[in-house]
Amino acid sequence: MRQFQAALSHRAVALSLVLGVTSLLLSACGAPAMKPVELTLREQAPLSGLAHDHNTFGRWPQATWWHDFDDSQLNALIERAMASAPSLDSARARFEIASRQLEGSQADTRAKLEGSIRANQSYSHTDLEYPALGLPGFDAGSAGNSQRSNVGLATLSFDWDLDWWGKKRAAIEAALDQRHAARLEQAAAASALQAGITRAYMDWQLRQAQLSNLDMLLDAARESVRITALRVEREIENPAKLDQAHEQISTLEQQRAQTDGAARLDQIQLATLMGVSPGELDDLTPKPLPQLDTTLPSEAGLELIARRPDIMASRWQVEARIRGIDQARADYYPNVSLSALAGFLRLHPLGTGRNEDISMASIGPAVTLPIFEGGRLDARYNASRAQLESAIADYNQRVVDAAQDVARQTVTMARLEAQREAQSQALESYQHRLELARERDHRGVEDPRTLIEAQQGLIRERMTRLALDGELLDTRIQLIHALGGGYHGRVPDADTRYLTTGSATDES
């Protein structure tokens, strides 16, 4: 009999192994192949406008590119903003969330040990009433009975998912990729903040220079009104000229009010970006606009676009979606885990007056086989493939948009530089006209207002130059931001299991 039981036990184990291997083979046959998606991941971009070196990655601009302007006031503003700007708070929060999710995925790979203790007490009471039967000794009456019972249960369970097919490992890698993306989103927010503060600050400085020139124009216009009023008073000038002179002052005052309002808006924008009140920026000191080198460094390569924080964040999202496919493929395979259970049960049954103790323990592997899922596995896998294709499309579109942004800024810089060269000739012409007017005024052979008009013409031409310089400076800042704002991070290698490799370019 014992031999028969032993043989039956061995057959059961063998049958279980055969069923397990058969199910494993069937589920493996049902798992989809790792074929690449149709879309290609862009490694380069069209519409560049910059040199393209396949061997050397550009390093311009530097991480602290605003230091090139040699403005300690600007440096202090950016340093203050990086410490407490509200626009960085949400990016920091997303990074913290991604970090906690990574910790949760890592914890899922570890064994679990759980303990449980339960205690119950039961109480019952029975009332019995019986009628009189009309016989001696059988009068009506009632009887009652109360009973209590106690139950105590203590268990200790152990469970460990062996993760033979890498599903949980893929979840950890996906969470790690998401954290990379969140960190890069934080870097992108910082880059946008640095560019925004620099642009607003430089525009404020431009407005201050314009206000200074407008004040000089107003002083000259008031002097012209004084001279014209004297000539009208002596009846050697048409009174209409005095009205024209007053109209000029009115126009200049309107321009000054408009420029002053624009400067105040710049200050409000600065305060908003930094998370402070505008009153805290009242101590800003006007300074000349920095001398700007309009030539692009040789290390300003197009490859920098791929290192823009927002594009790199999108690239890590692609990696996370690839890990999602790994998780979906692992669902086709059996789930193998090791579990153990130990328990102790003590009973005090109703009315027995005695305790009954029960002890038990078990340990062994458990295999869950996906035999028939009604299309659920295929649906999850196809959804993960679609999410990957969507992430690739988003990444490619970001690269194209960034390249167009760079092209727009480089073309604008070239246009502005050509305008500055042409305007330089006009500036020299006005300077020469002023020198001639001064000479004639010194000899007393010219109307003093001619000298004033020459001075005003030169000031207006200088304001035109200021406007060009300010626009060129703003364009260069935007180009720096378009090229990543000095961020030089690591780009993940393309996963050839799912992605077609190579570059998709359509440069003209």
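Is Asp 70 buried or exposed? In this predicted model, Asp 70 is exposed, its relative accessible area being 71%.

**View 1. Asp 70 in the loop between helices H1 and H2.** Although Asp 70 is not a glycine, its phi is positive, at about 55°. With a relative accessible area of 71%, Asp 70 counts as exposed because this value is over 50%.

**View 2. Packing of helix H6 against helix H7.** Two packed helices are described by the angle between their axes and the distance between the axes. For helix H6 (residues 309-330) and helix H7 (residues 376-443), the angle is about 165° and the axes lie 9 Å apart. An angle over 145 degrees counts as roughly antiparallel, and H6 and H7 are therefore roughly antiparallel to each other. The crossing in which H6 passes H7 is left-handed. Of the residues that form the contact of H6 with H7, 12 are nonpolar, five are polar and eight are charged.

**View 3. Confidence of the model and two stretches with pLDDT below 50.** The protein has a mean pLDDT of 78, and 75% of its residues reach 70 or more. In residues 52-57 the pLDDT falls below 50, and this stretch has 10 contacts in the model beyond near neighbours in sequence. Residues 501-508 likewise have a pLDDT below 50; for this stretch, the model contains 20 contacts beyond near neighbours in sequence.

How values were computed: Residues are numbered from 1 along each chain as its sequence is written. This is a predicted model: local features need pLDDT of at least 70, side-chain atom pairs count only at pLDDT 80 or more; totals for chains, interfaces and linings use all residues. Side-chain values use heavy atoms; hydrogens and water are left out. Axes are lines fitted to C-alpha atoms, for helices over the stretch in contact, and angles run from 0 to 180 degrees between N-to-C directions. Helices (H or I, at least four residues) and strands (E, at least two) are DSSP runs, numbered from the N terminus. Angles under 35 degrees count as roughly parallel, over 145 as roughly antiparallel, 65 to 115 as roughly perpendicular and the rest as oblique. A crossing is left-handed if the near helix is turned anticlockwise from the far one by less than a right angle, and right-handed if clockwise. Ala, Val, Leu, Ile, Met, Phe, Trp, Tyr, Cys and Pro count as nonpolar, Asp, Glu, Lys and Arg as charged, and the others, Gly among them, as polar. pLDDT is the predictor's confidence in each residue, from 0 to 100. Contact means heavy atoms within 4.5 Å. Buried means under 20% relative accessible area, exposed over 50%, partly exposed in between (1.4 Å probe, protein chains only).
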